[in-house]
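Good morning, everyone. Please have a look at it first.

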Amino acid sequence: MVRRLLTTALSVVLTAAPALALQPPPAPDGFVPIDTLPPTEQLPAGPFLVGAYVFFLLLMMFYLWTIWRRLAKVESEMRELERRTERGQAR
Amino acid sequence: MQRLFIPVLILTAAMFAYSPVAIASAPYESTMLLVQKIFYYHFPAWMALTAAVTVCFVSSGIYLFKGHAWADRLGFAAAEVTVIFGMFGLVSGSVWGRKAWGVWWQWDARLTMAFLLELIFIGYLLVRKYGGPGSEKLAAAMGIFGGATAPFVYKSVDWWRTIHPKTSVMASLGETSPEMWYVVWFCTAIFLMLSGLLLAARMRLETLRAGLDRLYLAAED
């Protein structure tokens with residue numbers, strides 16, 4: 001008799017456990033305020049996206065400008081040197 | 001090479017102009033949404049960097065073991081292009097991470113190794129600028145070490161636990177989202193062409209500088 005009762009009780013517990021585990025979380029009794037949002041919630045994505053693309057454009061423009069400036073410097077130095085060499089040969 | 005420069009420049013400019021339209025039309029990623037669209041310039045920048053690193057690695061090896069002057073000039077040009085794309089890759093990744101992970105920077109394996117790769121090539125440029133006579137060979141050795149580091153940067157996400165997405169993201173993109181796949185490879189083609197153009201422009205500068213040095217020597221004689 002006792003054994004049968006124990007088996008029944010165990011079966012009820014084992015059957016109930018998964019059912020209880022599947023229960024949704026209890027409904028909140030009230031809202032809990034927080035002072036700050038989690039970092040990923042408070043940042044709009046737009047400025048980050050635009051910022052990344054603008055940074056790329058600025059970086060490329062700056063780099064192209066440095067190449068152009070260096071090329072112009074070397075070319076003017078070459079012209080000056082050729083002019084000096086020609087003058088030297090003429091003498 | 002010079003004949004190709006202008007047509008490739010026009011094609012690259014046209015594709016760049018169209019790229020915002022292509023990126024805007026690509027679907028949103030389900031968890032990161034809008035900020036994930038940084039990916040369409042972020043990944044291609046790393047591909048352009050990989051191409052430049054490979055050029056620097058090979059030309060540094062040629063210069064070190066064969067002594068060809070053109071290889072030295074090409075290695076120098078490629079190192080500078082590497083630093084430029086690396087800088088954009090790190091900054092765009094940081095901006096993306098601020099939104100996606102909540103932090104500007106994380107010292108995990110991928111990010112740290114990418115940062116070290118950038119530092120190696122900045123070191124290369126500093127050696128070339130301030131190293132004095134003989135710095136070409138030292139810089140070429142740095143170029144080889146930098147090139148040898150690149151595969152570790154790529155595989156770091158698979159070998160170590162990091163918060164950065166794994167390489168499998170790109171491998172499966174063609175199946176999960178063909179629209180995203182198309183746009184990312186479209187942008188990658190643009191960046192590779194841009195990398196080639198910058199390399200050609202920088203190479204021209206180095207060739208002119210070599211010519212100028214020869215003129216100075218001739219003038220002294």
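Let's start with burial in chain B: of its 221 residues, 49% count as buried. Keep in mind that this is a predicted model. For chain A, buried residues make up 19% of the 91 residues.

Next, the secondary structure. Chain B has seven helices and zero strands. Along the sequence, chain B reads α-α-α-α-α-α-α. Chain A comes to three helices, again with zero strands. The pattern for chain A is α-α-α.

Now dimensions and surface. The C-alpha trace of chain B spans about 70 × 40 × 25 Å along its principal axes. Chain B exposes about 11200 Å², and carbon and sulfur atoms supply 70% of that area. Chain A exposes about 7800 Å², with 67% supplied by carbon and sulfur atoms.

On to the core. In soluble globular proteins, nonpolar side chains tend to be buried together. Here, the largest nonpolar core has 72 residues. Which of them touch the most other members? They are F56(A), F39(B), Y40(B), Y41(B), F85(B), F191(B) and L198(B). Notice that this list has residues from chain A and from chain B. The elements giving two or more residues to this core are α3 of chain A, plus α1 (2–25), α2, α3, α4, α5, α6 and α7 of chain B. The largest share, 15 residues, comes from α7(B).

What does L198(B) contact, leaving aside neighbours within four places in sequence? In chain A, the partners are M60(A), Y63(A), L64(A) and I67(A). In chain B, they are V81(B) and F85(B). F85(B) is itself on the list of core residues that touch the most other members.

The largest pocket has a volume of about 1100 Å³. It is lined by 32 residues, and the closest to its centre are R70(A), F76(B), R202(B), E206(B) and R209(B). Two or more lining residues come from each of these elements: α3 (45–90) of chain A, and α3 (69–100), α4 (109–130), α5 (135–159) and α7 (178–220) of chain B. Which element gives the largest share of that lining? That is α3(A), with nine residues. By class, the lining of the largest pocket has 15 nonpolar, three polar and 14 charged residues.

The second largest pocket holds about 880 Å³ of space. Of its 36 lining residues, H42(B), F43(B), R110(B), H164(B) and P165(B) are the closest to its centre. In chain B, α2 (39–66), α3, α4, α5 and α6 each supply at least two residues of the lining. The classes there are 24 nonpolar, nine polar and three charged residues.

Is E175(B) buried or exposed? E175(B) counts as exposed, because its relative accessibility is 72%, and the cut-off for exposed is over 50%. How far is E175(B) from D158(B) in space? The two are 17 residues apart in sequence and 20 Å apart in space, C-alpha to C-alpha.

That's my tour. Thank you.

Key. Residues numbered from 1 in each chain as written. Chains lettered and ligands numbered in written order. Predicted model: local features only at pLDDT ≥ 70, side-chain atom pairs only at ≥ 80, totals over all residues. Heavy atoms only, no water. Buried < 20%, exposed > 50% of the residue type's maximum accessible area, 1.4 Å probe, protein only. 1 Å grid on protein atoms, 1.4 Å probe; cavity = no way out; pocket = protein on both sides within 12 Å on 5 of 7 lines; lining within 4 Å. Points joined across faces, edges and corners; volume = space filled by probe spheres on them. Helix = DSSP H or I, 4+ residues; strand = E, 2+ residues; numbered from the N terminus. Nonpolar A, V, L, I, M, F, W, Y, C, P; charged D, E, K, R; others polar. Areas by Shrake-Rupley, 256 points an atom, 1.4 Å probe, with all protein chains shown as cover. Core = buried A, V, L, I, M, F, W, Y, C linked by side-chain atoms within 4.5 Å. Contact = heavy atoms within 4.5 Å.
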